[in-house]
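Hello,

Here is the structure I promised to pass on.

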Amino acid sequence: MATRVKWLGHAALWIETGSHKILIDPFLTGNPKAAAKPEELDPDYILISHGHGDHVGDAIAIAQRTGATVVSNYEISEWLTSKGVAKAHGMQHGGGFSFPFGRLKLTLAFHGSVLPDGSNGGNPCGFLLSLNDGVTIYDAADTGLFGDMKLIGEAGIDLAIVPIGDNYTMGPDDSLRAVKLIEPKSVMPIHYNTFDLIKQDEHAWAERVRKETKAKPVVLNPGESVEVVHG
Ligand code: NI
Ligand code: MN
C-alpha cells in the first residue's frame with residue numbers, strides 16, 4: 001500500500017503507510033479547521049512536535065482510548081506518562097529510532113515548547129520519517145528558518161511539510177528559502193489560516209514555489225490527502 005498523507009487542519013496530519021497509521025500533532029478539539037473528530041481516529045502511533053496546546057491537542061485522550069504509542073521528546077514523554085498515557089516513547093534531537101513503520105529521527109526546530117499546564121516541554125522538534133516503502137517525509141513542524149535544513153534535505157525528501165503562517169513560525173518568504181535549502185520533490189504548507197493571526201494566501205504561495213523553486217507545491221484543504229511515492 002502506498003503512503004498517504006492527509007491534512008487534518010493546522011499542523012495535524014494523518015499518515016497511512018503499509019499497515020500503519022500515524023497521527024501527528026492532533027489538535028482537533030478547539031481547532032476551527034479540524035477535519036476529524038478525535039474519537040474517529042485509531043492511530044497506532046502519535047507524534048508530538050512540541051508542548052504547545054495546538055500540537056499536543058487531543059493526544060492524551062486518543063492514546064488512552066486506542067493504546068497508541070506516543071512519540072515525542074523525553075520531557076513531553078515523561079509528562080504524558082504522568083498524565084496516564086501507557087506507551088510514551090521519548091527521544092531527543094538528532095536521535096533516530098527504527099519503529100515498525102520505518103525510521104524516525106527528531107530534527108531541530110526553533111520555537112517554544114511549554115506544555116499546556118506550564119510544565120517544561122523540553123525543546124521543540126521536527127520529524128524526519130524514512131518509511132518502509134522508501135518514502136521520506138520531513139515535517140518541519142513549528143519553526144523559523146535555519147540553515148541546517150540543508151543537512152536535513154540531504155536525506156532526499158519526497159515530501160516536505162512546512163509552516164507558512166508567519167507570526168509564530170516561518171512565513172511564506174522564509175518557507176520558500178527553506179524549500180531551496182531542503183530541495184524536496186514536493187512541498188506542502190501547514191500552520192496557516194487556522195486563526196486570523198496566521199492568515200495566508202496558499203495559492204499565491206504555491207505559485208511562488210512553482211516559479212522560484214524546483215519543488216512541486218501540494219496545497220490541500222483540511223480533510224484532503226495526497227499519495228506520496230518515492231522516486
Ligand atoms: Ni507552537
Ligand atoms: Mn503551533
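D142 is buried, at 3% relative accessibility (buried means under 20% relative accessible area, exposed over 50%, partly exposed in between, with a 1.4 Å probe and protein chains only). This is a predicted model, where local features need pLDDT of at least 70, side-chain atom pairs count only at pLDDT 80 or more, and totals for chains, interfaces and linings use all residues. Residues are numbered from 1 along each chain as its sequence is written, chains are lettered from A and ligands numbered from 1 in the order in which they are written, and side-chain values use heavy atoms, with hydrogens and water left out.

D142 coordinates both the nickel ion (ligand 1) and the manganese ion (ligand 2), and the two ions are 3.1 Å apart. Donors here are N, O and S atoms within 2.8 Å of the metal (3.2 Å for Na, K and Ca); water is not among the atoms, so sites may look incomplete.

For the manganese ion, the protein donors are D54 (OD), H55 (NE2), D142 (OD) and H191 (NE2), at 2.1 to 2.2 Å. Along the chain their spacing reads D-H-x86-D-x48-H. H191 is buried too, with a relative accessible area of 1%.

The nickel ion takes H50 (NE2), H52 (ND1), H111 (NE2) and D142 (OD), at 2.1 to 2.5 Å, with the spacing H-x1-H-x58-H-x30-D. Of these, H50 is buried at 0% relative accessible area, whereas H111 is partly exposed at 25%.

Happy modelling, and do write back with any questions!
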